[in-house]
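Good morning, everyone. Please have the sequence and the structure open, and we will walk through them together.

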Amino acid sequence: MTAHLDKLGRPLRNLRLSVTDRCNLRCLYCMPEEDYVWLPREDLLHFEEISTLVDIFTDLGVDKVRLTGGEPLIRRDLPTLVRLLAAKPAIRDLAITTNGILLGECAPALFEAGLHRVTVSLDTLRPDRFLALTRRRALPQVLAGIEAATRAGFSRLKIDTVVLRGTNDDELVDLIEYGKRVDAEVRFIEYMDVGGATHWSMDKVVSRREMLDHLTRHYGTVTPVREDSSAPADRFQLGDGTVFGIISSTTDPFCRSCDRSRLTADGMWYLCLYAKIGTDLRRALRAGASREEVKALIAPTWQRRDDRGAEQRLALAQRSPLAQSNDLRQNPHLEMHTRGG
Ligand code: SAM
């Protein structure tokens with residue numbers, strides 16, 4: 001099968017599949033509002049429709065699929081979808097990104113259904129901070145979920161932490177130490193000015209440079225891990241062999257190697273986290289388009305792709321949130337929780 005390359009030579013390989021726009025947390029950097037405009041339920045793709053679209057994407061070169069949301073574990077019967085996807089030999093890597101709250105109850109079924117990898121988002125180890133940041137009292141469930149994932153059989157666990165100045169930037173060491181205890185690789189993410197982050201400002205961003213300086217002061221030498229991959233995280237090693245990652249999407253974006261695209265729970269396909277316009281694959285599918293016809297929507301769109309959203313944001317003289325609350329209410333597809341972070 002020939003790889004489909006975009007205008008910058010990037011292959012169509014990595015599909016982030018949002019299975020719901022709903023979430024059981026209200027993180028201040030992602031869902032700060034009191035209420036939201038949700039996708040109409042009847043628009044949500046059924047599992048069979050998702051499976052059909054994934055087959056089309058794998059025919060076009062996708063071999064990595066990540067389930068996300070919203071919170072993917074609140075999508076009913078998710079293990080059934082996992083089983084459908086895990087049975088596709090073309091998918092080399094099938095992962096999920098979750099806030100972990102429901103992992104305690106779901107981990108065994110997800111493992112048994114064939115899910116390969118789990119990433120848990122966890123920004124703080126302090127219950128009071130967790131409550132202030134996510135507006136839910138759920139830290140014990142998340143920690144229990146992480147342990148349950150390991151018990152269920154998942155290895156290569158990752159923990160993703162968004163670092164916010166003045167909120168959790170004093171917990172980098174604590175999180176790395178926690179990662180060692182639960183055998184998970186911690187990745188620190190720079191706070192991004194994406195849709196939904198209406199409280200974003202540059203002064204709250206802790207850059208990769210600052211994180212590395214902080215960790216070097218504590219641990220001594222921090223060595224870059226040399227690798228050739230399109231993964232967003234730059235990986236580093238401590239003296240004791242512990243590896244951690246930093247995703248510097250705000251101060252040093254990685255658009256040049258970005259092979260990701262995103263399918264929302266209602267079948268809109270986006271080529272960039274910052275893109276304002278997407279392709280409506282649900283409409284095509286429900287209008288009875290054949291697989292070849294849907295492919296003919298996807299392949300040329302990818303081949304025309306020249307998005308460098310994060311790099312363009314970096315080049316702006318004045319940087320502010322991508323969208324204001326009103327724009328987001330008018331167009332919920334701009335939201336990170338709709339698009340699938
Ligand atoms: N609910 C799931 C979870 O918590 O992992 C999946 C969806 S969530 C939108 C995916 C990831 O996006 C999480 O790790 C979250 O922390 C991250 N995220 C959301 N808003 C962000 C922002 N403004 N900057 C950086 N990362 C963000």
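Let's start with a strand pair. In β8, P224 has F236 as its bridge partner. P224 belongs to strand β7, residues 223–224, and β8 covers residues 234–237. The two strands run antiparallel and are joined by 2 bridges. Two strands pair if DSSP finds at least two bridges between them. Strands are DSSP runs of E, at least two residues; helices are runs of H or I, at least four residues; both are numbered from the N terminus.

Some ground rules. This is a predicted model, where local features need pLDDT of at least 70, side-chain atom pairs count only at pLDDT 80 or more, and totals for chains, interfaces and linings use all residues. Residues are numbered from 1 along each chain as its sequence is written, and side-chain values use heavy atoms, with hydrogens and water left out.

Back to β8. Its other partner here is β9, residues 243–247. Again the run is antiparallel, with 4 bridges. Q237 has its bridge partner, V243, in β9. β8 and β9 form a hairpin with 5 residues between them. In that turn, G241 has a positive phi of about 95°.

Now the ligand. How many residues surround the ligand? The count is 19, and the closest are Y29, G70, T97, S121 and M192. A residue is near a molecule if one of its heavy atoms lies within 4 Å of it. The shell has 9 nonpolar, 8 polar and 2 charged residues. Nonpolar is Ala, Val, Leu, Ile, Met, Phe, Trp, Tyr, Cys and Pro; charged is Asp, Glu, Lys and Arg; the others, Gly among them, are polar. β3 (93–98) and β6 (184–190) each supply at least two shell residues.

Look at the polar atoms. A polar side-chain atom of S121 is 2.5 Å from a ligand oxygen. A polar side-chain atom of Y29 is 3.0 Å from a ligand oxygen. At G70, a polar backbone atom lies 2.9 Å from a ligand nitrogen. How much of the ligand does the protein bury? Taken alone the ligand exposes 550 Å², and the protein buries 94% of that. Those areas come from the Shrake-Rupley method with a 1.4 Å probe.

Finally, the whole chain. There are 12 helices and 12 strands in the protein chain. Along its principal axes, the C-alpha trace spans about 60 × 50 × 45 Å. Of the 341 residues, 57% count as buried, meaning under 20% relative accessible area (1.4 Å probe, protein chains only).

Methods:
Polar contact = N/O pair within 3.5 Å; in protein donor to acceptor, adjacent residues only side chain to side chain. Buried < 20%, exposed > 50% of the residue type's maximum accessible area, 1.4 Å probe, protein only.
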